[in-house]
Amino acid sequence: MQKAIKDYKCAGFILRPQSPDIKELFLNIKSKFEDFGIKILLDNRSAEMIGFDGVEFESMCRSCDFLVSLGGDGTLLSLVRNSYPYGKPVTGINAGNLGFLADIRIGEVDNFLQQLRDGECRIDDRMMINCCLEKSDGKKQEFFAFNDVVVTRPTVSKMATIEAFVEDDIFNSYRGDGLIISTPTGSTAYNLAANGPVMYPLTKAFILTPICPHSLTQRPLVMPADFTIKIKTPNKKLLVVIDGQDSYELLTDDILIIKGAFHGAKLLHRKERNYFSVLRNKLSWGDE
C-alpha cells in the first residue's frame, strides 16, 4: 500500500520520555521534514519536556496524516497503541541502535522523506490484540495490545495458576510464573526471551508461551487469530500487563477475553526495510 507525499502534509511527533537531551536531534529532524513541506505537530508531553509548545495527543492524532516516534521501540510501541483508535500510519525514527520496530536510523531520514515524496514507502498491517476484562461485578474494561498481553503472578513468592479456554472449551491449565499471549510483531519481545517462536510480523496468529512453567510438558502454542481465548484463575489475584506498560488486576471470577482486533495497526516503512535483515542484525544470525 502506497501514498504520495501530497497525502502527507502533517506529521505528529512524540519523543522518548524523560530525554530532554533529544531536543537538538528533534530540531534537526523537524527541519528536514519542513524542507519536504511537512508540517510538524508535537505532543504536549514531549513539548513540555524540551520547552516547546505542543498540542493535546488526541488533537494531534486527528489533525496529522501520519505519526512519528523519535526514540526506541518502547516509544513507538506506546505511540502505536495509544493512537490505534485514530487509524493513522505510524513510523519510528530510532535514536539508538537498530530496532525491531523503530527502524529508520537518523542517517536514513532524508532517504525516507524522499521515498515518501515519490510514493515508494509501504504500509504494513500489523495484528493488534483486543482485550476485554470482565469483572465479577459486571464491569468491563477494554484495551488493545500491539506486542503482547502477559498474565503473571503479583509477587515472587506465589505461583500463578492460569486456566485457558478456546471458544469456551478449556484446553490448558498453566502453572508457573505466567503466560504470554503475543502477536507475531511481539514474538521478538518478551515471547522470545521466554523461548517462544519468532513469527513473521504480517502473520495473523496468537502465540501462547508459558513463563517458567512448573511442568516441563508445557510448550509454546500457535493458534489462528480468529479464535477467542478466555483466561481465568483460581488465584486471588494475578496481573494482566499490556505491552509491558499498563497493568490490570485479574481476580477470581474475573474473565479476560482476548481476540484479534478487527483492524490492524499501520506501520509506515521505507521500501528497503527487510524483516529478515533486522533479525540477522539484532540476533546475530549467521555470525561465526
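**From sheet to pockets to salt bridges**

Strands β13 and β14 run antiparallel and are joined by 4 bridges, where two strands count as paired if DSSP finds at least two bridges between them, and where helices (H or I, at least four residues) and strands (E, at least two) are DSSP runs numbered from the N terminus. The model is predicted, with local features needing pLDDT of at least 70 and side-chain atom pairs counting only at pLDDT 80 or more, while totals for chains, interfaces and linings use all residues. Residues are numbered from 1 along each chain as its sequence is written, and side-chain values use heavy atoms, with hydrogens and water left out.

Within this pair of strands, Ala205 stands opposite Pro224 in β14. Both strands belong to an open sheet of 6 strands, ordered β14-β13-β12-β9-β16-β17, in which the pairing is antiparallel. Because β14 (221-224) and β17 (246-251) stand at the edges with a single partner strand each, one side of each is left without a neighbour in the sheet.

The second largest pocket has a volume of about 200 Å³; a pocket is an open set of points on a 1 Å grid over the protein atoms alone, where a 1.4 Å probe fits, with protein on both sides within 12 Å along at least five of seven lines, and lining residues have an atom within 4 Å of a point. Its volume is the space filled by probe spheres set on the points, which are joined across faces, edges and corners. Of the 13 residues that line this second largest pocket, those closest to its centre are Ala194, Asn195, Pro210, Cys212 and Pro213, and β13 gives the most to the lining, with 3 residues.

The largest pocket holds about 420 Å³ of space, and among its 19 lining residues Ile14, Asp43, Arg45, Ser78 and Asn82 are the closest to its centre. Helix α4 supplies the largest share of this lining, 5 residues.

The structure also holds 13 salt bridges, each a side-chain nitrogen of Lys or Arg within 4 Å of a carboxyl oxygen of Asp or Glu. One of them joins Asp110 to Lys32, with the closest N and O atoms 3.1 Å apart, and this pair links distant parts of the chain, since Asp110 lies in helix α5 (residues 109-118) and Lys32 in helix α1 (residues 23-35), 78 residues apart. Another joins Lys230 and Asp168 (2.7 Å, N to O); Lys230 lies in strand β15 (residues 229-232) and Asp168 in the loop between β10 and β11, so the pair ties together parts that are 62 residues apart in sequence.
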